[in-house]
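I opened a new structure today and kept notes as I went. The entries are in the order I looked things up.

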Amino acid sequence: MFSYITFPEGRSKALTMSYDDGREHDKRLVELFNKCGIKGTFHLNSGWMDPELEKMRMEAVKLYEGHEIATHSLTHPTLTRLSDTAIVTEILEDRKNLEKLTGRIVRGHSYPNGAYNENVKQILKSLGIVYARAVSPTDDFEMPEDFLEWHPTCHHSAPDLMEKAKWFCDFDKAQYLKLFYVWGHSYEFDRDSSWNVIEEFCEYMSGHNDIWYATGIEIVDYMTAARGLIWSADGSHVYNPYAMDVWIRRVSSEGPEMGDVIKVPGGKGIIL
Ligand SMILES: [Zn+2]
C-alpha cells in the first residue's frame with residue numbers, strides 16, 4: 001500500500017508567476033493576476049533609489065497583497081563577481097528592508113542577471129533564503145531538484161507560451177506533479193507592446209479547479225511539509241509534524257487508477 005503526495009486539495013498541477021525589478025508596471029500586472037485569480041512573486045531591489053520606485057515601495061504592502069514579495073538584492077549586481085561580504089550585504093540588507101516594509105518574513109530570491117554559483121547558493125542559504133529563481137528555461141513542468149537553483153518553465157515571451165498553456169491545461173495524469181513557472185519583468189510588456197500576450201495567457205490559465213495558483217514560497221513551504229510526512233513502514237499510518245495541512249492520494253492496488261484524496265491535518269496522524 002502506498003500513497004502519493006499531492007498539491008493542496010488533491011491537485012496535481014500548480015501555476016506560479018515570478019516578476020523581477022519592481023517597476024511601476026507591476027501595478028497593471030497585479031491587477032491582471034487578481035482578476036484571473038493567479039498568484040505571483042515580485043522580486044524587489046530595495047536599494048534602488050529611483051523616486052518612482054521609492055514611492056511604489058511605500059505602497060508595496062497594499063499593491064502586492066495576496067502575492068509574495070521576495071529579494072532580488074539591494075542594488076542588482078551580478079553576485080558571482082562580488083566578494084562574500086558584498087554578497088551578504090546585498091542579500092541581508094534587501095531582506096531586512098523588505099521585511100521592515102511588509103511586516104512579513106521574506107525568504108525568496110531571484111538572482112540578479114540570472115548569475116549564481118555554489119558559493120552564492122551557500123551564502124543565500126546561510127542568510128535564511130530558502131529558494132532562488134534563475135532564468136534558464138527548462139521548457140518542462142517538473143519540480144526542481146534544488147530550490148536554490150530553481151529554473152522557470154519559460155519566460156513570458158516564449159513563442160510557444162500558449163501551446164505550453166494548452167498542453168498544461170489538458171494534462172490530466174494525476175500520477176505526476178506538474179508545475180508551470182513563468183517569469184519576466186512587467187516593464188517588458190510596455191517596452192514590447194505585449195500586454196496582450198500576458199492577458200491572453202492569464203485569461204486562458206484562469207479558473208481551473210485542478211490547478212493550484214500559488215506563490216513561490218507557498219510551493220516551497222507546502223512541498224517541505226509534504227516531503228516531511230512521517231510514514232509507517234507499510235504505508236498505512238501517516239503523521240504530519242507540520243502546522244499546515246497536507247494532501248495525499250491513495251494509489252489503487254487494483255490498477256493504474258488513482259484512489260481517494262485524503263487530507264493529513266497539520267500536527268495530526270491518521271490511519272489509512
Ligand atoms: Zn532583475
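The entries below run from the whole chain down to single residues.

**Entry 1: the model and its overall form**

I note at the start that this is a predicted model. I counted secondary structure and found 9 helices and 14 strands in the chain. Next I took the extent along the principal axes. The C-alpha atoms fill a box of roughly 60 × 40 × 30 Å. I then checked the radius of gyration. A compact globule of 272 residues would have a value near 19 Å, and the chain has 19 Å, so the two agree. I also looked up burial: 36% of the 272 residues count as buried. For contacts I kept pairs at least 6 apart in sequence. Of these, 66% join residues at least 24 apart.

**Entry 2: domains**

I looked up how the chain is divided. The assignment gives domain 1 (10-224) and domain 2 (230-271). Over C-alpha atoms, their centres are 30 Å apart. How many residues make the contact between them? I found 4 residues of domain 1 in contact with 5 residues of domain 2. On the domain 1 side, I sorted the touching residues by class: 2 are nonpolar, 2 are polar and none is charged.

**Entry 3: cores**

I turned to the nonpolar cores. The largest has 41 residues. Its residues with the most contacts inside the core are Ala 14, Leu 15, Phe 33, Ile 38, Ile 69 and Cys 202. Which strand gives the most to this core? Strand β8 (residues 178-184) does, with 5 residues. The core also draws at least three residues from each of domain 1 and domain 2.

Leaving out residues up to four places away in sequence, Phe 33 touches Met 17, Ile 38, Lys 39, Gly 40, His 67 and Cys 202.

**Entry 4: helix α1**

The buried residues of α1 are Asp 26, Leu 29, Val 30, Leu 32 and Phe 33. They cover an arc of only 160° around the axis, which puts them on the same side of α1. The face turned away from that side carries the exposed residues Glu 31 and Lys 35. I kept the general rule in mind: an α-helix has 3.6 residues a turn, so residues three or four places apart point the same way. What do the buried residues of α1 pack against? I found β2, β3 (40-44), α3 (60-63) and α8. After the helix comes Gly 37, with a positive phi near 70°.

**Entry 5: helix α8**

I went on to α8 (residues 195-205), whose buried residues are Ile 198, Phe 201, Cys 202 and Met 205. Seen down the axis, they fall within an arc of 95°, so they line one face of α8. Gly 207 follows α8, and its phi is positive, near 75°.

I looked at Ser 186 first. Ser 186 sits in the loop between β8 and α7. Is Ser 186 buried or exposed? It has 25 C-beta neighbours inside 10 Å; 20 or more make a residue buried, so Ser 186 counts as buried. Outside the four places either side in sequence, Ser 186 touches Tyr 19, Arg 23, His 25, Asp 26 and Leu 29. I also took one distance. Ser 186 and Ala 233 are 47 residues apart in sequence, and their C-alpha atoms are 49 Å apart.

Most residues other than glycine have a negative phi. Ser 73 has a positive phi, near 85°. Ser 73 lies in the loop between β4 (68-71) and α4 (84-102). With 28 other C-beta atoms within 10 Å, Ser 73 is buried.

Ser 193 also has a positive phi, near 50°. Its place is in the loop between α7 and α8. Ser 193 has 9 C-beta neighbours inside 10 Å; 12 or fewer make a residue exposed, so Ser 193 counts as exposed.

Technical notes. Residues numbered from 1 in each chain as written. Predicted model: local features only at pLDDT ≥ 70, side-chain atom pairs only at ≥ 80, totals over all residues. Helix = DSSP H or I, 4+ residues; strand = E, 2+ residues; numbered from the N terminus. Arc of directions from axis to C-beta. Rg over C-alpha atoms; globule rule 2.2 N^0.38 Å. Contact = placed C-beta atoms within 7 Å. Core = buried A, V, L, I, M, F, W, Y, C linked by C-beta atoms within 7 Å. Domains from an automatic or database assignment. Nonpolar A, V, L, I, M, F, W, Y, C, P; charged D, E, K, R; others polar.
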